Amino acid sequence: MDYDYIVIGGGSAGCVLARRLSDDGVTKVCLIEAGPKDDHILCRVPLGAAAFMPVKWRNWGFDTEPQPGLSGRRGYQPRGRMLGGSSGINAMIYTRGHASDYDDWARLHGADGWSFSDVLPYFKRAEANARVGADDPLHGGEGPLQVSDLVSPHPINETFLSACDTLQLPRNSDFNGPSQDGVGYYQVTQKNGERWSAARAYLPPDVRNRHNLHVETDTRVLRILFTGRRAAGVACRQKGREIALRARAGVVLAAGTFQSPQLLMLSGIGPGEELARHGLPVLHDLLGVGQNLQDHVDFILLYKTDDPTLPGVSLRGAAHLLREIGRWRRERRGMLTTNFAESGAFLRSDPSQPRPDLQMHFVNALVDDHARKTHLGHGYSLHTCVLRPKSRGSVGLKGADPLLPPKIDPQFFSHPDDIDLLLKGVKLARRIMDAAPFQALNPREMYTAGIADDAGLLEQIRRRADTIYHPVGTCRMGAADDVQAVVDPQLRLRGMEGLWVADASVMPSLIGGNTNAPTIMIAEKAADLIRAA
């Protein structure tokens, strides 16, 4: 079949692109997603993320290469595998990062047109924030992406905020407001107590049924097809057979930080040595494909307590959960609306820092090893991550078979400054968790109990730190003379025609916050750039 545009990947970016490129009712668009539709009830229940994260159900569940910085362990990289992508399994936190992050893209990386003043209109166009009025300078009220306060935050969040008060950490009611600094509740991509993924936001039934938009799920793209140096379509596997789809205007790659570079390499675009190693023909020797991988490395402090209203494993907890299921069905309120990381903080490791360099997520449960390790009882945990790591990793190929997973090597802590900064953050996090407000809960510290020296904490960090799910940068944008840039500031693939990349992989540097909202912003802007071309 022939289309004007083919969009590869039905995740956060792909859903935006499919809608915006087909908005005129004329342009014929095909969106291809490897996973299933987002029609399971757990795709709507915020608590349902706990079912997806630890297993390969609507989740790619990638493993990294062994990480020397993590005592030789393999990291775990859950990524959404369904319409909506990772916005269907994430913690729904809506943060944009710091305004200076985008100014750095333009100033330091040659990404003209991507300063904060340039991208703010796209954040606002996407957003329907339940708080705002019509004249809000920083938020949008009429976009497709529903953003709201949590409808039923657990009272333990007030314990966390009170503990932060004892350290004189400032309160912040809007991490996307004039200042990012401080502690407070996160806003979430929910409406009326239900998850509002990118698929639900941008592909409601009236959009999915457009005559000029075709959505293919359970369809795996094997490679991009070219006529000379122009992208002309894709080869896919669907229902056990290989099919070809053609694109008159071009192909937009939105498969994510791991699979966008993988698919480029499988199609003959990437570092020539890497392609030759796997017997792949080299159509375009492009050095930067798969390089510049950056991610937020994170460490968790865990504490047991006796409150059965916290998510956990106990008879009393099971009885409470049953009551809460009924409450969600009746009212769309209660425990099932939790995103687990309900509150948190953006903090500076030192007052001399120009902006927050640490982020914390306070979680109302014992979420250990990406929810793959279960503990009896109940508890809470505090995540700490380094916002702008200096370590750089890569994505490569494990072989020429397109059904193999990508080779992911984040190189966590390969730059020593990252673990030094995380140690500072963990020590600050312990001061918060040791503060008087938490002592009334009779907490029992796990893993780090009794460790009082830096050496002991560093050992724990290397044993248990891992991603908090914000990989970016493997098809980064840059100026025309930047030989490591994969796309230009218009997101066109360098040296090719009719091919764009539009997802988190184009970020030249990692923003200081959660990455779903910026990914949606990138796709909103990309749609304008592609139409203009």
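Predicted model: local features only at pLDDT ≥ 70, side-chain atom pairs only at ≥ 80, totals over all residues.
**Notebook: pockets and cavities**

I began with the second largest pocket, which is lined by 14 residues, with L169, L347, R348, S349 and L428 nearest its centre. A pocket here is an open set of points on a 1 Å grid over the protein atoms alone, with protein on both sides within 12 Å along at least five of seven lines; lining residues have an atom within 4 Å of a point.

Residues are numbered from 1 along each chain as its sequence is written, and side-chain values use heavy atoms, leaving out hydrogens and water.

I looked up the volume of the second largest pocket: about 250 Å³. Volume is the space filled by probe spheres set on the points, which are joined across faces, edges and corners.

Which element gives the most to this lining? It is α11, with four residues. β18 (341-347) and α11 (416-433) each supply at least two. Helices (H or I, at least four residues) and strands (E, at least two) are DSSP runs, numbered from the N terminus.

I then turned to cavities, where a 1.4 Å probe fits but cannot get out. I found two of 30 Å³ or more.

The largest cavity holds about 50 Å³. Its lining includes L293, Q294, D295, F412 and F413.

The second largest cavity holds about 40 Å³. Among its lining residues are Y94, R131, D174, Y185 and Y186.
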